[in-house]
Protein chains: 2
Amino acid sequence: MRDNPRLQPPGGEGWLAWLRHYRLDWLSGDLVAGLVTAIMIIPQSMAYAMLAGLPVQIGLYASLLPLLGYALFGSSMSMSVGPVAVTALMTAALLGPMAALGSAEYLQLAIWLALLSGVLLFVLGLLRMGFLANFLSHPVISGFISGASLLILFSQLPHLLGLSSFPATPGQLLADWTLGNSLALAIGLPGLAWLIYARIRLSSHLQQLGLAPALATLLARLAPILVVVLGLVLTLLGNLDQRGLPVVGSLPAGLPSLVWSTPGLGTIGMLLLPAALISLVSFVESVSIAQSLARRKRQSIDPDQELLALGAANVGSALTGGFAVCGGFSRSGVNIEAGANTPLAGVISAAVIALILLSIAPLFAALPLVVLAVVILVAVAPLIDIAGLRRTWRYDRREGVTLLATAVGVIVLGIEGGIVLGVGLSIVTQLWRGSRPHVAVVGRVPGTHYFRNTQRHLVEIEPHLLALRIDENIFFANTRAIERTILQALRDYPDTRDLLLILSAVNHIDSTGLDMLSELSEGLQEKTIGVHLAEVKGPVMDQLSDTDWLTGQVDGVFPSTHIAFNTLSGARSAAPEQKQ
Amino acid sequence: MRDNPRLQPPGGEGWLAWLRHYRLDWLSGDLVAGLVTAIMIIPQSMAYAMLAGLPVQIGLYASLLPLLGYALFGSSMSMSVGPVAVTALMTAALLGPMAALGSAEYLQLAIWLALLSGVLLFVLGLLRMGFLANFLSHPVISGFISGASLLILFSQLPHLLGLSSFPATPGQLLADWTLGNSLALAIGLPGLAWLIYARIRLSSHLQQLGLAPALATLLARLAPILVVVLGLVLTLLGNLDQRGLPVVGSLPAGLPSLVWSTPGLGTIGMLLLPAALISLVSFVESVSIAQSLARRKRQSIDPDQELLALGAANVGSALTGGFAVCGGFSRSGVNIEAGANTPLAGVISAAVIALILLSIAPLFAALPLVVLAVVILVAVAPLIDIAGLRRTWRYDRREGVTLLATAVGVIVLGIEGGIVLGVGLSIVTQLWRGSRPHVAVVGRVPGTHYFRNTQRHLVEIEPHLLALRIDENIFFANTRAIERTILQALRDYPDTRDLLLILSAVNHIDSTGLDMLSELSEGLQEKTIGVHLAEVKGPVMDQLSDTDWLTGQVDGVFPSTHIAFNTLSGARSAAPEQKQ
């Protein structure tokens, strides 16, 4: 941040600012939003715990302290944090090779993973390292989410049939078919149909019935509750769990106890890369959600503050035996639509979930797993970003390839492989682009002070003066290309006695570029061709000022192309050379 | 190369062009150079074979066909290819873990390594992939060569004491001391002193004695011959090898037989990465040597042609049981100074070496190993590029760190680790630089058409018009920083009604950047601030022209900042907005 004082982040409002300025007329909005969001996130949290390979109550435990932690530090007024699909999948995928899914050891690792990424995020926040997220380009993020969502969809298909994993062959599926499979399908398919209908049409149908648009949207978002309640009621009335329908099983009543356990150094080493990956994805996801929410209310957020808040939320989750949490898109959507004004809404959600845990939670033991699966399916399917792929592909084929490769990479190579591939590709694309610089021979637009590309505009050139505008930073990946282009241009204009390099679009010259310019100038000196510069930017000039190239080999530096043309055209030896 | 027809390489002269245009008055130069270079490379080739952990005759075998192969395809008129120090070290370092140094299996792997990198280089040449070398920046190359040279120096120290490897402790060295150790030291130290003197002073002393400078330099370069001859004579006269002085041992007479053997798929897989690394380093080294030679004679070289030539040279080396070859700096220096006009000089060198192999080669069996070690020491020490480190460090601290880290990486992590670390660092440095863009608030230089940074110049600004010049491509690594800077500038100039983004230094906007600009413009539209662009480059405009951002959210595009200022200043609603 030293070079440019403007790059300081706008002063964040600091922690609990919302509480210090709390106004009483915000309270009703926060109360309603807290309650509504809680109702929505109860089935979602349990479903994502199942996705992560954990007991469903862990999802509820991870919905208590994280909301308080976020309220302490967060800069978004409407975000709701908790278990989300992508981090749940990452937990399962990253810890799967380390311990058996569902074992006590696995649960402990999941808790430590949340703890470790919480600490990591918090420390990054203290160090103000929010800029790290910049290295994930939009195509990489979009490809990653799409690939992960496809993996999640795929993982939930067996639950639709009442299975916990794919059958070895379709034949075996039929041979082993039981009443439980039929029951799961009989609950799952109508549930799925209802949820798809709710997402696509319910809101507009409710509006046609006379409901206000905001209320209609909100009710449509709460559609999963109906599936949960119906699923519960049917199972309890029909004793369906006795007949083979897979259900949640047991769910202890009461709040989780606060536990602190420190992983050993070996475990920390093993969990560090997974924690770093989860932290990165959580942060990028949360910040982009927080930013889109803030834009809706014309507020702003502070990425470094968000790092602290996410860190506190994850540490909070670990303290009550929960797993990794993150800002959620749909839960935050419900929160803002239900009228949340401040993070108090989240605190109220946490209180509601605590009450549920203390009272009716054991009822959920009879919840069919297929209900949770359809909740996941419908929540995750829209994350597959086909529109984004199409838009990116149209704008830049190469970035489209990066997006697709990241998605396929996540599916084929796994979470880490996909991210590494995507980041690698976006960096290589960027370098490759820089390695093919646009260099234009420019001339004067007749009668003006403007100079434009001779190939795009009708311009005047001077016979002995070759003016080249280099449209790229000069750095290792493109020095050879720039050198060859200049030499080719000199061959195309054999009468050249003065070469003018216009550096208006050159923001940096690295040492490889400087070496090339110096060798090139040496060759031109032997051919008695003068080398001149125009429109050198301040920071570039600062760095060049001490070099042997500028002091020994460059014949003149001009503030503008116009002055350079006037000085160099025709009267080369007449006009004194100008240095500044 | 599609975007810019200028980036085509200047038409290479194709293969054997030098022979088709051969002029008889070039012959004497080529004859003398061929002979002199052969005399110089005989001890060097044997020394580098020893460095590679191979029998010394392999060095001579690798000096026959490679010179013919290069003559067939090469575009440099004075380069001499053969065994060089860095690729010899790489052979030893990369194959060491695969087979015992000096075993028959090791020799076979070294031959296959040359074959594989020859094929790789040739194929890359056919695909015209010479640009791949651009991804090695000068600091990485310099750091790599320096680190490798330090490793080489270190590896030769035991030979000075007549040992083949370092003693476990200094105490053990003394306990095991033999007459052989003393003899090695007695030959090595004076030899070293003579070679150092020859490199530093001999040429100027010879010139003081009246020799022509060119001849004096050439004679000084041949100083190692004296050490070789004296070492041989002393050993033979004193029967020193019988008294424990380590010597070459046996050296078969005659030419190598042509052998073709194809490695299995498993071996190819194992050797692919080593071959790729050796190819990369050989190519970068050879091209930079060829370019500096070409510059001395005002010739030009064609990198893709060089790939073919190096490929043929390495395949040629493998055919006669030789190891990896590359253009050599000192051997090419002798070649050009002795008057080489065409690659015929190399062909003559090869013939001379063939004659030596057919006649006196068995004599070299009595050559003390310490003589080869001092030849290596003095050839390699100047490759440690302290001046380059100092110059790079002064120009850019971060590139200096990359250079040092590459050198240390080669020593600590090994050849591959060092290269990967260096390339990684130079890419990250480049991205990091792009992630901290310079953004300037600009105003008009009074009474002119020029616009400059308000912080560096005394300029006039318009109260309702905020003009920002973005001095960097807008891409994923800097979109957040640019967004924050623009928002901060809007806070600093709260009266802004029109934002003018001057894109004269923006050569590319990626999809992440486009998303940011689009979201930013959406926010500004709500605040009724107009968004305008000026000086958009042709290629950028081409890519943006179809986007929703340009068509829906940008209020005006101006060809110059001057026109934008005139149109937007004060009379915002009066002047019609200009789009083009």
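Residues are numbered from 1 along each chain as its sequence is written, while chains are lettered from A in the order in which they are written. Because the model is predicted, local features need pLDDT of at least 70 and side-chain atom pairs count only at pLDDT 80 or more, whereas totals for chains, interfaces and linings use all residues.

**Exercise 1. Describe the overall build of chain A.**

Begin with the secondary structure, which comes to 24 helices and eight strands in chain A; helices (H or I, at least four residues) and strands (E, at least two) are DSSP runs, numbered from the N terminus. Next take the extent: along the principal axes, the C-alpha atoms of chain A fill a box of roughly 105 × 60 × 60 Å. Finally, of the 580 residues in chain A, 52% are buried, a residue being buried if 20 or more other C-beta atoms, placed from the backbone, lie within 10 Å of its own.

**Exercise 2. Determine which residues of helix α4 of chain B are buried, and what they pack against.**

Helix α4 of chain B covers residues 65–73, and seven of its nine residues are buried. These are Leu65(B), Pro66(B), Leu67(B), Gly69(B), Tyr70(B), Ala71(B) and Phe73(B). Their packing partners in chain B are β1 (81–82), α13 (303–319) and α15 (344–358).

**Exercise 3. Classify Val439(B) as buried or exposed.**

First locate Val439(B), which is found in strand β3 (residues 439–444) of chain B. Then count: Val439(B) has 23 C-beta neighbours inside 10 Å, and therefore it counts as buried.

**Exercise 4. Characterise the side of chain B that touches chain A.**

Start with the count, in which 61 residues of chain B are in contact with 60 residues of chain A, contact meaning that the C-beta atoms of two residues, placed from the backbone, lie within 7 Å. Among the elements of chain B that give two or more residues to this side are α7 (138–160), α19 (415–434) and α20 (479–492), and α20(B) gives the most, with eight residues. By class, this side has 20 nonpolar, 22 polar and 19 charged residues, where Ala, Val, Leu, Ile, Met, Phe, Trp, Tyr, Cys and Pro count as nonpolar, Asp, Glu, Lys and Arg as charged, and the others, Gly among them, as polar.

**Exercise 5. Work out the relation between the two chains.**

The same surface serves both copies, since 98% of the contact residues of chain B recur in chain A.

Methods:
Buried ≥ 20, exposed ≤ 12 C-beta atoms within 10 Å, placed from the backbone.
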